[in-house]
Amino acid sequence: AGCSRDCEEWQRVLADATLARADAEGAGAALDQLAAHEADLGADLRLMAVRLALAAGRADEALRRSEAIPGRPAALLAVRARIARRDIPAAATAAATLQQAEPGDEEAALLLAECRAAEGRFAEALAIATAAALPRRPGVERVLLLAAIELELNGEAACAARLALLDQPDHGIPLVRVFAAAWPRMPLEPDPARPMRRQDVEHLPGFPGAACRLAAALVRNGEAAAAARYLVLVAEQLPNPARHRRRRVWWQAGNAFRAAGDWSRAMGCWFKALG
């Protein structure tokens with residue numbers, strides 16, 4: 001017998017085909033394939049489309065899609081989209097509402113903690129991400145966020161202590177690959193089959209102190225070009241009230257470009273640090 005496009009089997013086949021396309025050609029191509037069936041997408045596939053838009057860097061589309069879907073899962077994705085768009089005030093307000101409604105929800109707490117960290121309120125972010133109401137055993141995303149916050153506040157040793165909580169690190173996650181490349185003797189050892197890629201730094205948190213520490217470690221371990229790229233991204237995102245921290249990041253970006261042999265871009269970063 002045939003199967004209409006709203007039946008469970010057809011939706012599952014389309015989901016499998018979309019994931020295969022994402023593996024082969026990336027999230028953007030997979031999203032375009034899914035969008036060709038827009039009118040036939042069920043609830044799960046509509047949420048998949050939001051996740052693909054986020055993975056493809058299409059934050060505006062992710063926000064538009066998530067706001068058209070009712071329910072808490074879509075609301076959490078909408079917060080992620082606002083964070084990706086750097087609309088931190090709106091993201092923080094929405095995350096706080098979701099976290100207050102379900103204090104034990106790890107995802108909502110992490111999104112709120114990420115917003116507070118983006119606002120420079122790192123101690124508050126740490127408290128939110130370690131609240132007693134959350135599951136006793138942290139998930140991978142929470143461990144990585146805690147490690148980044150600890151790196152910002154307390155340095156490499158505190159970061160390493162958080163990373164030690166990962167039983168089986170997933171080197172498919174960009175932050176895992178970057179931590180392993182920066183500190184090969186820390187709890188996360190590099191995986192030769194899945195080494196750090198230069199574009200991995202585009203997925204890292206923009207915490208200025210953590211960025212400087214992480215970039216310095218990357219330079220020491222032969223990844224100066226990736227370190228410079230990361231620092232430029234962080235410096236460009238820092239708000240005007242963080243001028244002194246931004247100057248420090250620009251200066252270290254210049255040092256990283258110098259280590260990579262790119263003196264022209266090094267001088268450009270140093271001038272921005274002094275300007």
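# Charges, cysteines and a helix crossing

Visitor: Is Arg194 buried, exposed or partly exposed, and at what relative accessibility?
Guide: Quick ground rules: this is a predicted model, where local features need pLDDT of at least 70, side-chain atom pairs count only at pLDDT 80 or more, and totals for chains, interfaces and linings use all residues. Residues are numbered from 1 along each chain as its sequence is written, and side-chain values use heavy atoms, leaving out hydrogens and water. Buried means under 20% relative accessible area, exposed over 50%, and partly exposed in between (1.4 Å probe, protein chains only). Arg194 therefore counts as partly exposed, at 38%.

Visitor: Which residue does Asp191 form a salt bridge with?
Guide: We're after a side-chain nitrogen of Lys or Arg within 4 Å of a carboxyl oxygen of Asp or Glu. For Asp191, the closest N and O atoms of the pair are 3.5 Å apart, and the partner is Arg194.

Visitor: How far is Asn255 from Asp191 in space, C-alpha to C-alpha?
Guide: Asn255 sits in helix 14 (residues 243-259); helices (H or I, at least four residues) and strands (E, at least two) are DSSP runs, numbered from the N terminus. Asn255 is partly exposed, with 26% relative accessibility. In sequence, 64 residues separate Asn255 and Asp191; in space, the gap is 28 Å.

Visitor: How many salt bridges does a search of the whole structure find?
Guide: Side chains of opposite charge can pair when their charged atoms come close. Some bridges share partners, joining Asp32, Glu38, Arg58, Glu61, Arg64 and Arg65 into one network. Across the whole structure, the number of salt bridges is 27.

Visitor: What separates Arg12 and Glu9 along helix 1?
Guide: The two form a salt bridge, with 2.7 Å between their closest N and O atoms. Arg12 is partly exposed at 42%, and Glu9 is partly exposed at 41%. They are 3 residues apart in helix 1 (residues 8-25), so the separation is about one helical turn.

Visitor: And Glu107 with Arg80: how many residues apart are they?
Guide: Their salt bridge has its closest N and O atoms 3.2 Å apart. Glu107 has a relative accessible area of 28% and Arg80 one of 23%, and each is partly exposed. With Glu107 in helix 7 (residues 106-118) and Arg80 in helix 5 (residues 72-84), the pair links distant parts of the chain, at a separation of 27 residues.

Visitor: How many disulfides are there?
Guide: The test is a pair of cysteine sulfur atoms within 2.5 Å. Cys212 is buried at 2% and Cys269 is buried at 5%. The closest cysteine sulfur to that of Cys212 is in Cys269, 12 Å away, which is too far for a bond. By this rule, the disulfide count is 0.

Visitor: How are helix 9 and helix 12 oriented to each other?
Guide: Axes are lines fitted to C-alpha atoms, for helices over the stretch in contact, and angles run from 0 to 180 degrees between N-to-C directions. Under 35 degrees counts as roughly parallel, over 145 as roughly antiparallel, 65 to 115 as roughly perpendicular and the rest as oblique. The axes of helix 9 (residues 140-153) and helix 12 (residues 208-220) come within 7 Å and cross at roughly 90°. The two helices are therefore roughly perpendicular.

Visitor: Which residues of helix 12 make the contact?
Guide: Contact means heavy atoms within 4.5 Å. Helix 9 brings Ala148, Leu151, Glu152 and Leu153. From helix 12 come Pro208, Gly209, Ala210, Arg213 and Leu214.
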